[in-house]
Amino acid sequence: MINTLEYLNNNNVRCAQNVGSERLSLYRGGGNLELVCYPEKITDFKAISYVINENCGRYFVFGGFSKTLVADKGFNGLSICTGALKGLYAEGSIIRCGVAERLPRVSQFATERGLKGLECLSGIPAEIGGAVYMNAGAFGSEIKDILKSVTVFDLHKSELKTYENSEIPFSYRSSGGFFRGKVIIAVSLCLSIGNKSEITLKASELKSIRSASQPPLPSLGSVFKNPKGASAGYLIERAGLKGKRHGGAMISERHANFIVNTGGGTASDYIALAEIAKSEVKDKFNEELKEEYICIK
C-alpha cells in the first residue's frame with residue numbers, strides 16, 4: 001500500500017487536508033474531509049486512479065456540493081473535487097462545457113447566442129456535472145432532454161471515454177448508478193436556435209417563480225424526490241411539519257421540501273428532520289419519501 005498524499009504530491013496533484021465541508025456545502029454544515037485533491041489535467045486523474053486501485057481506498061467525487069451532505073463525523077478517505085474543470089464553447093447549437101460550470105452561467109451563455117432549451121433549468125444552483133449525475137429538472141424539463149454526450153474518466157480502468165445520452169439509463173432524478181467509479185469531465189448539450197429576447201424573458205419569468213417559492217436560507221434544495229402523482233413538499237406540509245426545528249436546522253416555512261440552516265445547523269440536524277418528515281408522511285399518507293440529496297458518511 002502506498003502513501004496517498006505523498007504519491008499525489010510527488011505527481012504534482014494539488015491537495016489539501018482536513019477541509020471543512022461546511023465551507024463547501026450550500027447547506028453550510030457538515031464534517032471535515034480528510035484529504036481533498038483538485039485534479040486539473042488527465043495526468044492528475046491517472047495518478048488518482050493509481051492510488052485508488054493500489055490502495056482500494058474509500059473515495060467520493062464532488063463539485064458544487066449543492067446536493068451533498070457530509071456526516072458530522074467527517075469522511076476519512078480521498079475526496080476528489082472537480083471544481084477546476086471549467087470552460088464553455090459553442091459549436092452551432094451544441095454547447096460543450098467543463099463539469100464545473102454552473103447551470104445559471106451555462107444558461108446565460110446559451111441565451112447570449114440565441115440558443116433555447118436551458119430556460120427551465122437556469123435557476124438551479126448546481127454545476128453541470130451534478131445536474132447530469134442527478135438528472136436535475138424543473139418545470140417539467142430534465143437535463144437528459146438536452147444532453148448530447150458526457151465525457152468521463154473511469155477511475156478503475158484509468159481511461160477517458162465519451163458516452164452518448166442513449167447509453168445512460170436516466171430516470172427521474174437519477175442516472176441509474178451509471179457514473180459510479182467514473183468522474184464526469186465535460187458535457188455536451190444539444191440546444192435549438194430561438195429568439196434571444198423570448199429566451200431571456202422565459203428564463204427570467206421562471207427564475208422569478210423559483211425565487212418566490214424557495215427559501216433564501218442555506219439549504220440543499222429539495223430534500224426528497226416527488227412520489228408518483230404527488231408533491232413531497234405538499235405531503236410534508238399536510239403533515240404539519242412546516243417550521244419544525246432540530247438544532248439549527250428547520251423545515252422551511254416557505255417550502256416544506258426544503259431543510260434550511262438557520263444558524264449552526266449540523267448534518268445530524270438535517271438528517272434528523274429528514275427522518276421525521278419520512279416517518280410522518282409514511283404514517284399519515286402511506287407514502288415513501290426518497291432522498292434527493294446524497295449523504296457521505
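Visitor: Where is the place of Ser252?
Guide: This is a predicted model, in which local features need pLDDT of at least 70 and side-chain atom pairs count only at pLDDT 80 or more, while totals for chains, interfaces and linings use all residues. Residues are numbered from 1 along each chain as its sequence is written, and side-chain values use heavy atoms, with hydrogens and water left out. Helices (H or I, at least four residues) and strands (E, at least two) are DSSP runs numbered from the N terminus, and on that numbering Ser252 is found in the loop between β17 (249-251) and β18 (258-261).

Visitor: Is Ser252 buried or exposed?
Guide: The terms rest on relative accessible area, found with a 1.4 Å probe on protein chains only: under 20% is buried, over 50% is exposed, and partly exposed is in between. Contact means heavy atoms within 4.5 Å, and, leaving aside neighbours within four places in sequence, Ser252 is in contact with Pro215, Lys242, Gly243, Phe258 and Val260. With a relative accessible area of 3%, Ser252 is buried.

Visitor: Which residues of the largest nonpolar core touch the most other members?
Guide: A nonpolar core is a set of buried Ala, Val, Leu, Ile, Met, Phe, Trp, Tyr and Cys residues joined through side-chain atoms within 4.5 Å. The largest one has 48 residues, and the elements that give two or more residues to this core are β2 (32-37), α2 (42-55), β5 (75-81), β7 (94-98), α3 (103-112), α4 (128-134), β11 (147-154) and β13 (182-190). Apart from it lies another core, of 22 residues, with Leu69, Ile259, Ala267 and Tyr293 among them. In the largest core, the residues that touch the most other members are Ile48, Leu78, Leu118, Val132 and Leu189.

Visitor: Which elements do the buried residues of α3 pack against?
Guide: In α3, the buried residues are Leu103, Val106, Ser107, Phe109, Ala110 and Thr111. One of them, Val106, is also in contact with Leu189. The buried residues of α3 pack against β6 (88-91), β7, β8 (115-116), α4, β13 and α5 (196-213).

Visitor: What phi does Asn12 have?
Guide: Most residues other than glycine have a negative phi. Asn12 lies in the loop between α1 (4-10) and β1 (15-20), where it is exposed, with a relative accessible area of 63%. Although Asn12 is not a glycine, its phi is positive, at about 60 degrees.

Visitor: And what is the phi of Phe139?
Guide: Phe139 has its place in the loop between β9 (137-138) and β10 (141-142), and at 41% relative accessibility it counts as partly exposed. Phe139 is a residue other than glycine with a positive phi, and the value is near 55 degrees.

Visitor: How many residues apart in sequence are the parts that Arg14 and Glu40 tie together?
Guide: A salt bridge is a side-chain nitrogen of Lys or Arg within 4 Å of a carboxyl oxygen of Asp or Glu, and by this rule the count comes to 13. Arg14 forms one with Glu40, the closest N and O atoms being 3.6 Å apart. Arg14 is partly exposed at 45% relative accessible area, and Glu40 is partly exposed at 48%. Because Arg14 lies in the loop between α1 and β1 and Glu40 in the loop between β2 and α2, the pair ties together parts whose separation in sequence is 26 residues.

Visitor: Which residues are linked with Lys144 in a network of salt bridges?
Guide: Lys144 forms a salt bridge with Asp145, with 3.2 Å between the closest N and O atoms. Lys144 counts as partly exposed at 27% relative accessibility, and Asp145 is partly exposed, with a relative accessible area of 44%. In the network, Lys144 is linked with Glu142, Asp145 and Arg173.
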